[in-house]
Amino acid sequence: MDIVYSHVCGLDVHEKTVVTCILTPDEKEIRTFSTMTDDLLQMVDWIKSKGCTHAAMESTGSYWKPVYNLLETEQIQTLVNAQHIKHVPGRKTDVKDAEWIASLLRHGLLQGSFIPPRDQRELRELIRYRRGLIEERAREVNRIQKVLEGANIKLSSVASDILGKSARAMIEALISGNEDPEALSELALRCLKNKKEDLRRALKGLIGPHQRLMLRTQLRHIDELDALIQQLDEEIKRRMLPFEEDLERLNTIPGVARRTAEQIIAETGTDMSRFPSAAHLCSWAGLAPGNNESAGKRKSGRTTKGNPKLRSALLEAARAAARTKNTYLSSLYHRIAARRGANRAAAAVAVAHRILIIVYHLLKDKQNYRELGPHHYEERRREQVAKQALRKLQSLGYTVTIETINQTA
């Protein structure tokens, strides 16, 4: 094979060490460095002294970040998807990995991964951390629910939100020692006042001292999480000011709320020129069907691996879009779900795939979302739908004549 790059470097990155292999027309040299910053700086100087113009390493985990941070300004870094550089089975060592990466890079057989600019990477870290805190808050709410169930208190059977204003006042009263169902039900506000009899029955339980301690700790933890999420919201809002127009565009898509739009922009950026097409973006996000065909037989087409954070956010948006009324995305979900039966996850993936395609074109063309309506698919397939309906009626024993009605404006 032809040599594309003459001076290359392959790095096998681990938590504590980096095995570095340099290939030039005159020599092959391998060294191992520690991942401490001083040692990484020595590694960078050594790579530069050998005249390397390109380097490659696997983008697994987060161990690549310290190395990339130091090489970012040198413009000799190529981050590679680990799937592209699988080693030959049975010949697996760190040294051979570094040699294999350098050899593939030397012959131009590797493609660089998409690494956003530093400001976008910082925004991405903030938003991912906020999402982690939101998920932790949801887990803490579930723990409160389990403690209440263990105390024979069925508050969630009556109140839709156990941390709403009324329900929280009742939980705090339980923590303070008030176990009288009559007195606790009087804390109900608004619509919950109409359910006082159900509340009296639900609040009659057997709560112990250790459960009061757990509830007190859990409520305090939730308050702390709320404060942290609020701080992150303010910082993210400040960093999102340059993208307000794009956020407004994405926010018009059914199922896509403000936080979901922020996560989409943080993961993909607003410059769609880095993705040749919407299909490339969907593949990068892990929402494209996989190709697995052998001997003319189509096997499993499960989606490929991609960006798990973006994928989960889009799946959440897809399920929210499925609950909207009279929208194209909702009709798409229910049409696929009806065909796939119990496998409704496939319908959610299909809608998430379509949302990402919409996002690509909105950001690329700088246009607003245009709702196609719930009957868009049927209108495109009018003739096919008519033939299907005709066949179904004929199978039931009916004779049907189809006439086109001329509709005037």
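A residue is called buried when its relative accessible area is under 20%, exposed when it is over 50%, and partly exposed in between (1.4 Å probe, protein chains only). The structure is a predicted model, in which local features need pLDDT of at least 70, side-chain atom pairs count only at pLDDT 80 or more, and totals for chains, interfaces and linings use all residues. Residues are numbered from 1 along each chain as its sequence is written, and side-chain values use heavy atoms, with hydrogens and water left out.

**Exercise 1.** Locate N152 and N326, and classify each as buried, partly exposed or exposed.

*Solution.* Begin with the backbone: most residues other than glycine have a negative phi. N152 has a positive phi, near 65°, and N326, which is not a glycine either, has a positive phi of about 55°. Finally, apply the cut-offs: N152 counts as partly exposed because its relative accessibility is 44%, whereas N326, at 64%, counts as exposed.

**Exercise 2.** Describe how helix α4 packs with helix α8, and how α11 packs with α14.

*Solution.* Two packed helices are described by the angle between their axes and the distance between the axes. Here the axes are lines fitted to C-alpha atoms over the stretch in contact, and angles run from 0 to 180 degrees between N-to-C directions; the helices are DSSP runs (H or I, at least four residues), numbered from the N terminus. For α4 (residues 118-150) and α8 (residues 209-239), the angle is about 160° and the axes are 9 Å apart. α4 is therefore roughly antiparallel to α8, since angles under 35 degrees count as roughly parallel, over 145 as roughly antiparallel, 65 to 115 as roughly perpendicular and the rest as oblique. For α11 (residues 278-285) and α14 (residues 344-365), the angle is about 130°, with the axes 9 Å apart, so α11 is oblique to α14.

**Exercise 3.** Work out the arrangement of helices α1 and α2.

*Solution.* The axes of α1 (residues 37-49) and α2 (residues 64-71) come within 10 Å of each other and cross at roughly 50°. The two helices are therefore oblique to each other.

**Exercise 4.** Which helix holds L393, and is L393 buried or partly exposed?

*Solution.* L393 belongs to helix α16 (residues 382-395). L393 counts as partly exposed because its relative accessibility is 35%.
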